[in-house]
Amino acid sequence: MDMMNRRNHIDIPEFYVGSVLAVSSSNPHAPEKVTRFVGICIQRGGCGLRAFFIIRNVVDHQGVEMFYEMYSPVIQKIEVLRLEKRLDNELLYLRDALPEYSTFPLDMEPEYLPEGSAIPVNPIKVKLKPRPWLERWERQELKGVQDLGLPKRFYERAAAVAKPWEKYDLMAEYRESIPAEEQEEIFAEVYSQLHQLEVTRKIMKRKRTFVKPKKMG
Amino acid sequence: MNQADVSKLMSRLKIKYSPVKRKLKNSEGPVGRAKKIQKTLTALIKHERIELNFNRADETRGYVERLISDAIRYGDCHRATMELADYWLLEKQLVHKLFKVLVPRFENCPVSYTRMYRAPRPCPGNHFERAVLELRGNPYPSLLPDTISNRNLIHNVLLDEAHKEYRAQKYAEIARKLEAADENVAKSSGDSDGPESSGLETPEEIKASTEAQVASEVQPSGEKVARPSKDVQ
């Protein structure tokens, strides 16, 4: 319910790991008290009011990541500049990839998709820098990475350490998830409010924003 | 932190399952546990009724229910479900049995697809609890004793008596209604010479309708009745 109350004041749009976002948050030390950060979402996690997402960008040849909590009152605006998905659920390998894959211009314009279309999946394959890396990427089944080009012993060790039976563990999967019937019950509780929010969002999109005319000269 | 992983849609399990994974003592660790459950699952689908140790039965019951519910939800054209069935069922003809026989059998089943009973242990013997795991709708005779056919069992005696009392009550009501109808007919014929045929029909109509009512309400005693509220006043 607290999440719904927050959503009544702030529009938190739909986005996925791999979408480019621009987040405006309040900052007491900034000259205009508002900091705007643009970047690609590399991770989403947490549950309830702790839900967070991490945004990455490369500014002045320096990789920067910002951690935002979705329901924090410090966040003033979340805009989705490019809504898309990638081949993986987490893009933490961008930290070990060439910087060109994480750079996004800070004054990027939002890209609109036709209404009602499916979310595009970007099949890009990222090239990683040479080793050492922050994690053993060869042991994770990453689909959005180019051929890692490691000596054979790495792959052999990865195969030896791998646990392929965990993929088929039905009960472990069930214990971690919420079954469909319960999801419907939960959704029924918040459906009406969410629907109203969507309607208002659509109306705001169509409304032409009034730009206050600035004095010239 | 406790984020539920809702990437895959699955049906709710209709059985009680333990929140903790059992290790199922074996020498190979988690691989061995998976192999044990594979074997038990294959055997259950093949024979439809197996007797085994309680912990193993309880563990595989969840897997069986999940596999069948996934097969019902996604069907056999779904690659992920087919891979799951291929992994868990060691004999490939049972994959056909799962999708062609068990899915139509359990499609509209609102209760669990398996039944588990506690089985007696041979004494003296190990102290491991035994269990019988079976699929619903199996071709074998039921394991539970037949409590319906023998009308001399106490609960059946009581139920039969309750039936008789109910019937007697209903007949008394009909008799009262008939008397009332006869009185009305007598009164109306006494007042004015109305059509006698219509007057005669009404008590018969009442009789016919109430007989039909009683016949539909009161079940024959041989059937399984699950309506105690009607029989007990």
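Arg95(A) forms a salt bridge with Glu65(A), and their closest N and O atoms are 2.7 Å apart; a salt bridge here is a side-chain nitrogen of Lys or Arg within 4 Å of a carboxyl oxygen of Asp or Glu. Arg95(A) sits in the loop between strand S6 (85–86) and strand S7 (121–122) of chain A, while Glu65(A) belongs to strand S4 (residues 62–69) of chain A, so the pair ties together parts that are 30 residues apart in sequence. This is a predicted model, in which local features need pLDDT of at least 70 and side-chain atom pairs count only at pLDDT 80 or more, whereas totals for chains, interfaces and linings use all residues. Residues are numbered from 1 along each chain as its sequence is written, chains are lettered from A and ligands numbered from 1 in the order in which they are written, and side-chain values use heavy atoms, with hydrogens and water left out.

- Chain A has four helices and seven strands, where helices (H or I, at least four residues) and strands (E, at least two) are DSSP runs numbered from the N terminus.
- Along its sequence, chain A follows the pattern α-β-β-β-β-β-β-β-α-α-α, and its C-alpha atoms fill a box of roughly 65 × 55 × 35 Å, taken along the principal axes.
- Over all chains, the count comes to 27 salt bridges.

**The interface of chain A and chain B**

- In chain A, 21 residues are in contact with 31 residues of chain B, contact being heavy atoms within 4.5 Å.
- The area buried between the two chains is about 2,500 Å², of which carbon and sulfur atoms give 61%; buried area is the accessible area (1.4 Å probe) that two parts lose on being put together, summed over both.
- Four salt bridges are counted between chain A and chain B, including one between Arg12(B) and Glu182(A), whose closest N and O atoms are 3.6 Å apart.
- On the side of chain A that touches chain B, the elements that give two or more residues are H3 and helix H4 (180–206) of chain A, and the largest share, seven residues, comes from H3(A).
- The residues of this side of chain A divide into 10 nonpolar, three polar and eight charged, with Ala, Val, Leu, Ile, Met, Phe, Trp, Tyr, Cys and Pro counted as nonpolar, Asp, Glu, Lys and Arg as charged, and the others, Gly among them, as polar.

**The second largest cavity**

- There are two cavities of 30 Å³ or more, a cavity being a set of points on a 1 Å grid over the protein atoms alone where a 1.4 Å probe fits but cannot get out.
- The second largest cavity has a volume of about 50 Å³, a volume being the space filled by probe spheres set on the points, which are joined across faces, edges and corners.
- Its lining, made of residues with an atom within 4 Å of a point, includes Met171(A), Arg175(A), Tyr17(B) and Asp58(B).
- The largest share of this cavity's lining, three residues, comes from H2(B), and the lining residues divide into two nonpolar, two polar and four charged.

**The second largest pocket**

- About 270 Å³ of space lies in the second largest pocket, a pocket being an open set of points with protein on both sides within 12 Å along at least five of seven lines.
- Strand S1 (49–53) and H2 of chain B each supply at least two residues of the pocket lining, which has four nonpolar, two polar and four charged residues.
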